[in-house]
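Colleague: I would like to learn how to read a protein model. Could you take me through one, feature by feature?

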Amino acid sequence: MSDPSTENPDVRLQQLREAIDETDSALLNLLQQRKQLAAEVGVVKRSLGQPLYVPEREAKLLAARREEAAVVGLSPDLIEDVLRRVIRESYQQQQAADVHLQCKTIVVVGGKGALGGLFVERFREAGATVHCLDKDDWEQAEDYCQQADLVLVSVPIAATEAIINRLPKLPENCILADVTSVKEKPLQAMLDCHVGPVVGLHPMFGPQVATLAKQLIVITEGRQPDAYQWLIDTLSRWGAQLYTTTAAQHDEAMGFIQVMRHLSTFVYGAHLAEEHADLQQLLDLSSPIYRLELMMVGRLFAQNADLYADIILAHPENFAMLRRYLATFDEYLATLEQGDKSKFVDKFAEVSLYFGDFSQKFLEDSQRLLASAGDAHQLSQIAGR
């Protein structure tokens, strides 16, 4: 073997690059093998009726690979990042038609809309007979609903209660459910108009998702949980993460998760527009975390204004909380204007205690997001050249 120190550096560099290319090709072949194995796993899972996503299995797999990485001198974080990306692709591949609802008839009210259409597609893939009921074909409502095993309401928030009240009488064993982001009033409307099983659902994702694996769906119990268990089992089988709570607790939490964040984001974007800020310059001067924050602001304005207005207006009880938020903002703005650094630092320490261990966890989780965001930004810059 030749001594690398005596070789022409340019030649040696080319040799190393070729070796890396060969190694990358070998990695591709291994990933293809893993893809084929994952596809077979999906087939077996469906035959057994097992869920697409099993958190315990994924956590055990990642922990084992992290340990192996450390032993051979690789970064455990690197291996986990790579595997998480590969696993996400596997879930999308395993989402092939899972036929298990052949005996079910399902009506999706608002099934021609984006979110309703997502559930129409999933139910049909599962073998169910699915009818879409929208405003232009309401004359079919009674025919569609009289044999229904499930009526799922997926309409704008402002229209949800009125649509529920317009529904024809449903079979006693039919499940009545909704996918609205507000739960107390729609759930009560469903309980009032139907004597059979009732459940409130809130998918915490938009219609753009490629798979329901790892996507959160909040469940608010209404009536006869045993009778609607097959629906819950189906959502779990598709890989969704399910969280059960009361309608009141859900709506209170959404005040912070949705209402406050959406309004804050809207105001941030509106202020940028009023100040005529140069968005491209802001992007160019931003580190990954600031680019990510700016992206989340811009993302809001690429979506439906009515939806966000309805989410905020559907929670008028949160206006007082929002006023308190503004008062806190104004208090610490005034504090900093007066140069009172100590009050700011004291409050910072107090809030840090409130977050406790979550602070470190959020820091670590966000670092992974920021690394991915930084890579994506560099690739987009190269592609744009």
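This is a predicted model: local features need pLDDT of at least 70, side-chain atom pairs count only at pLDDT 80 or more; totals for chains, interfaces and linings use all residues.

Colleague: How many helices and strands are in the chain?

Modeller: Helices (H or I, at least four residues) and strands (E, at least two) are DSSP runs, numbered from the N terminus. The chain has 15 helices and seven strands. Its C-alpha trace spans about 85 × 65 × 40 Å along the principal axes.

Colleague: What share of the residues counts as buried?

Modeller: Buried means under 20% relative accessible area, exposed means over 50%, and partly exposed lies in between (1.4 Å probe, protein chains only). Of the 385 residues of the chain, 36% count as buried.

Colleague: How is a pair of packed helices described?

Modeller: By the angle between their axes and the distance between the axes. Axes are lines fitted to C-alpha atoms, for helices over the stretch in contact, and angles run from 0 to 180 degrees between N-to-C directions. Here the axes of α6 (residues 157-166) and α7 (residues 184-193) come within 9 Å and cross at roughly 5°. Angles under 35 degrees count as roughly parallel, over 145 as roughly antiparallel, 65 to 115 as roughly perpendicular and the rest as oblique. Therefore α6 and α7 are roughly parallel to each other.

Colleague: Which residues of α6 and α7 meet?

Modeller: Contact means heavy atoms within 4.5 Å. On the α6 side T160, E161, I164 and N165 take part, and they meet K185, P186, A189, M190 and C193 in α7.

Colleague: Is H202 buried or exposed?

Modeller: H202 lies in strand β5 (residues 198-203). It counts as buried because its relative accessibility is 3%. Leaving out residues up to four places away in sequence, H202 touches several residues, including T180, L216, H250 and Q258.

Colleague: How many disulfides does the structure hold?

Modeller: A disulfide is a pair of cysteine sulfur atoms within 2.5 Å. The structure holds zero disulfides. For C145, the nearest cysteine sulfur is that of C174, 7.0 Å away.

How values were computed. Residues are numbered from 1 along each chain as its sequence is written. Side-chain values use heavy atoms; hydrogens and water are left out.
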